[in-house]
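This report goes through one protein model, from its sheet to its helices and then to some single residues. Please keep the sequence and the structure in view while reading.

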Amino acid sequence: MTDPVSRWRERAGGAVLLDGFHALKHALRFGAEVPVAVTTDRRATLALAGELAPDLTRALDALLTEVSLTTYASLVPRPHPTGVAALAERPSREGHLRTLARLPRTAPVVVLDEPRNLGNAGAVIRLAAGFGATGVVTTGTLDPWHSTVVRGGAGLHFATAVERLAVDELPPGPLFALDPEGEDIRGVKLPDDALLAFGSERSGLSAGLRARADQLLALPMRPQVSSYNLATSVAMTLYHWSTGAHTAP
Ligand SMILES: C[S@@+](CC[C@H](N)C(=O)[O-])C[C@H]1O[C@@H](n2cnc3c(N)ncnc32)[C@H](O)[C@@H]1O
């Protein structure tokens, strides 16, 4: 059997880096397969687990290997203040595609149309996980499993189905696209099988996405403000879905 550091070096290329205690905690809670985890201070990490994640203390005790600060820094490009890191297997794309396509759906799929900002994508995945969304689909060139996105998502990629697809491959379901020129969202009850689409930070919704949309919806915004940040728009929309509310016009 290889030692944990060699195992890390062998697997690092194809695996998902879980950077920090919270990322590892969330990934384990949502069923990630974690073949190797390292810490610069086992005792401190297990004490932190006792405080913040007693449900995982036993699993972490079995999983964590203590390494020197130098070894840790050689494994992780941007060492996290908690001194904990792990590698997880990336979930199968086929499994995700089945999850995304399955109807009836009990919670929406969030679609980010050609997002640019890795931090925004991570924040959206964290939101989707919190609201129990079915998944987060991105179109365009951004890799939603990029290590910076995983870091921004705090390990919550494992709590929802995250994949990149082309607009013509989007899962079935009515598509509500968010745009300041749309109809006021407060008058619309969002169904559980909805696709909720959001445009890119720079240029909003693409022509392809607009063509696939069943309805454009606007978040209330005072005149002279041009738009909200992408992740905050997703937050408001998922919150609106979660309340099941609409106000008759
Ligand atoms: C930063 S905004 C895009 C701004 C971009 N300059 C534009 O021309 O649309 C990113 C995305 O957030 C959503 N968004 C922002 N403000 C919104 C609002 N008031 N109503 C609906 N969607 C909004 C839209 O999906 C938008 O494409």
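## The six-stranded sheet

Two strands are said to pair if DSSP finds at least two bridges between them. In this predicted model, 6 strands form an open sheet in the order β7-β6-β5-β9-β8-β10, and their pairing is parallel. The edge positions belong to β7 and β10 (215–218), and each of these has a single partner strand, so one side of each is left without a neighbour in the sheet. On average, neighbouring strands of this sheet are turned by 30° against each other, direction ignored.

## Strands β5, β6 and β7

Strand β6 covers residues 135–138 and pairs with β7 in the parallel sense over 4 bridges. Within that pairing, Val 137 has Glu 163 of β7 as its bridge partner. Strands β5 and β6 also run parallel and are joined by 4 bridges. Here Val 109 has Gly 135 of β6 as its bridge partner, and Leu 112 stands opposite Thr 138 in β6.

What covers the faces of these strands can be read from their residues. In β6, Gly 135 and Val 137 lie on one side and Val 136 and Thr 138 on the other, and all of them are buried, with both faces covered. Both faces of β5 are covered as well: Val 109 and Val 111 on one side, and Val 110 and Leu 112 on the other, are all buried. Helix α6 (residues 93–101) lies across β5 (109–112), β6 and β7, and it runs at about 105° to β7.

## Helices α7 and α10

Two packed helices are described by the angle between their axes and the distance between the axes. For helix α7 (residues 118–131) and helix α10 (residues 230–243), the angle is about 15° and the axes are 9 Å apart. Angles under 35 degrees count as roughly parallel, and α7 and α10 are therefore roughly parallel to each other. Their crossing is right-handed.

Which residues of α7 meet α10? They are Asn 120, Ala 123, Val 124, Leu 127, Ala 128 and Phe 131.

At 10% relative accessibility, Ser 233 counts as buried. Not counting residues up to four places away in sequence, Ser 233 touches Phe 198, Leu 219 and Tyr 228. Between Ser 233 and Pro 180 there are 10 Å in space, C-alpha to C-alpha, while the two are 53 residues apart in sequence.

## Helix α2

After α2 comes Gly 31, with a positive phi near 85°.

## The loop between α8 and β7

His 157 sits in the loop between α8 (147–152) and β7 (161–164). Its relative accessibility is 0%, so His 157 counts as buried. The side chain of His 157 reaches the backbone oxygen of Pro 144 at 2.7 Å. Leaving aside neighbours within four places in sequence, His 157 is in contact with Ile 125, Pro 144, Trp 145, Val 149, Val 150 and Val 162.

Ala 154 is found in this loop between α8 and β7 too. With a relative accessible area of 8%, Ala 154 is buried.

## Backbone exceptions

Most residues other than glycine have a negative phi, and most peptide bonds are trans. Ala 154, which is not a glycine, has a positive phi near 55°. Glu 114 is likewise not a glycine and has a positive phi of about 55°. Glu 114 lies in the loop between β5 and α7, and at 31% relative accessibility it counts as partly exposed.

The peptide bond that joins Leu 103 and Pro 104 is cis, with omega about 0°. Pro 104 has its place in the loop between α6 and β5.

How values were computed: Residues are numbered from 1 along each chain as its sequence is written. This is a predicted model: local features need pLDDT of at least 70, side-chain atom pairs count only at pLDDT 80 or more; totals for chains, interfaces and linings use all residues. Side-chain values use heavy atoms; hydrogens and water are left out. Helices (H or I, at least four residues) and strands (E, at least two) are DSSP runs, numbered from the N terminus. Buried means under 20% relative accessible area, exposed over 50%, partly exposed in between (1.4 Å probe, protein chains only). A polar contact is a pair of N or O atoms within 3.5 Å; within protein, one must be able to donate a hydrogen and the other to accept it, and residues adjacent in sequence count only if both atoms are side-chain atoms. Contact means heavy atoms within 4.5 Å. Axes are lines fitted to C-alpha atoms, for helices over the stretch in contact, and angles run from 0 to 180 degrees between N-to-C directions. Angles under 35 degrees count as roughly parallel, over 145 as roughly antiparallel, 65 to 115 as roughly perpendicular and the rest as oblique. A crossing is left-handed if the near helix is turned anticlockwise from the far one by less than a right angle, and right-handed if clockwise.
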